[in-house]
Amino acid sequence: MFDSRRFPVIAVTFVLALGAACGEPLGPGPDGPEPPLEELPRPLTASEAVVVERSNTFGIELLREVLEVDDRTNVVLSPLSASMVLAMTLNGAAGTTLDGMRTALRLEGLSHAEINDSYRGLTGLLTDLDPLVEVSIANSAWANERYSFHQAFFDAVTDHFDGTVESRDFGDPNTLSEINAWVDSSTRGLIERILREGDLDPDQALLLLNAVYFDGPWRTGFDPEDTAPGLFMRADGSTVSVEMMHLTDVELPYGRTDDLVAVELPYGGGAYSMVVALPWDGTPREVLAGMDASGWKALIASLEPRVLDGLSLPRFVMAYDSFLNDALTDMGMEIAFTRQADFSDLSPQPLCMDFVRQKTFIEVDEAGTRAAAVTAVGIGPVSFFGFLVDRPFLFAIRERLSGTILFVGVIGDPAASDAEPPEFPAPCSQRVWRGQTNPG
């Protein structure tokens, strides 16, 4: 029997992926057991296939970058949520800011239309694919009514990302309540809020949100009566008692590479699954530090049906909250977070990206998995303290130490050049004094 306690695990990557899986069906259909889903209802378009591959690359690299800056024991991310809300943001970026964001998302070479159409198509596939698994994806844009925006950006949000657009007073406490109510509703209550009281800056220009919700029953469920306390070994070698779920004599996709050994647990009709991978040596952090998308593809390619004498998986519930600014900066989109950011396709006013924040929740038990993620992109005005001389002004040239004024004046029109006086004065012989000519 495979003993999971041999391998220290400090972070587990949960991948809810498209693909066929083996295992006993949940229940009989009209003509016997329902076979697992083996194909998509339609082929992926060329751009959709590229976006899926690039987004997976983005996900693996994002996890790797986050693990380098976050030393918390458990890290749970949603690459889909982060990539989708940032792809939505792309529609407002221009110049080197657009190039940097494309690089970070690994979407180089793809046009706005290809990216937008791909996410629109993938959203329809993911949410309608498996009738036994509930998947929902929601997008929204919350605009500060004090700012001006280009309508074309909001058209992209509604037309390609099926998002809602709201205009609000960000200084009104009710706005924060509405935003958090949208988050709570879109995640079925798993994530109650994305921002706390005081987190919404009245000067914030725009808040873009994506929410992903997943609720999938195991295709082969765990019997709660078989769940029992077991030991889980931490990275430092210490152990902790956890509730361990068990399956025996079960056929599941199983695979291995030089770095990892993995098993795939299907949900519902078999389109979605959880891949659980353990390092042969060391920790997941150490393996991921040297792993790229090709390593992930090799692991998935190695999966083949195999009868396991036993499978043990801990039951757990956890939440995670992180700012992704540093990770995304290291992945190539540093300029978006600086004063040099170019979001001129979003607004005529100078804006930059203040933060990218993601909250996740996951619950794994005998019946299946519930998971949710919300990613927020905060767009704010470029920090600038200046003095705009755009109306008539007074000026003086002075010697500072003595205080002597050398020149002083008023400028009402910098474009005008008044070299000549407006009227030549009358000569002294023609002066008028008290209404009469002064003879001198």
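Predicted model: local features only at pLDDT ≥ 70, side-chain atom pairs only at ≥ 80, totals over all residues.
Residues are numbered from 1 along each chain as its sequence is written, and side-chain values use heavy atoms, with hydrogens and water left out.

The chain has nine helices and 17 strands; helices (H or I, at least four residues) and strands (E, at least two) are DSSP runs, numbered from the N terminus.

I will start with helix 1. Which residues of helix 1 and helix 2 make the contact? First, the geometry. The axes of helix 1, residues 46-69, and helix 2, residues 79-90, come within 9 Å and cross at roughly 115°. Axes here are lines fitted to C-alpha atoms, for helices over the stretch in contact, and angles run from 0 to 180 degrees between N-to-C directions. The two helices are therefore roughly perpendicular; under 35 degrees counts as roughly parallel, over 145 as roughly antiparallel, 65 to 115 as roughly perpendicular, and the rest as oblique. On the helix 1 side, the contact uses Ser55, Phe58, Gly59 and Leu62, and on the helix 2 side Pro79, Ala82, Ser83 and Leu86, contact meaning heavy atoms within 4.5 Å.

Next, helix 1 with helix 9, residues 325-333: these axes also come within 9 Å and cross at roughly 125°. That pair is therefore oblique. Phe58, Glu61, Leu62, Glu65 and Val66 of helix 1 meet Ala327, Leu328, Asp330 and Met331 of helix 9. By class, this contact has six nonpolar, no polar and three charged residues. Ala, Val, Leu, Ile, Met, Phe, Trp, Tyr, Cys and Pro count as nonpolar, Asp, Glu, Lys and Arg as charged, and the others, Gly among them, as polar.

Now the loops. Most residues other than glycine have a negative phi. Asp162 has a positive phi, near 50°, and is found in the loop between helix 5 (151-161) and strand 4 (164-168). Is Asp162 buried or exposed? At 68% relative accessibility, Asp162 counts as exposed.

Arg188 also has a positive phi, about 55°. Arg188 is in the loop between helix 6 (173-186) and strand 5 (206-217) and is partly exposed, with a relative accessible area of 39%.

How values were computed: Buried < 20%, exposed > 50% of the residue type's maximum accessible area, 1.4 Å probe, protein only.
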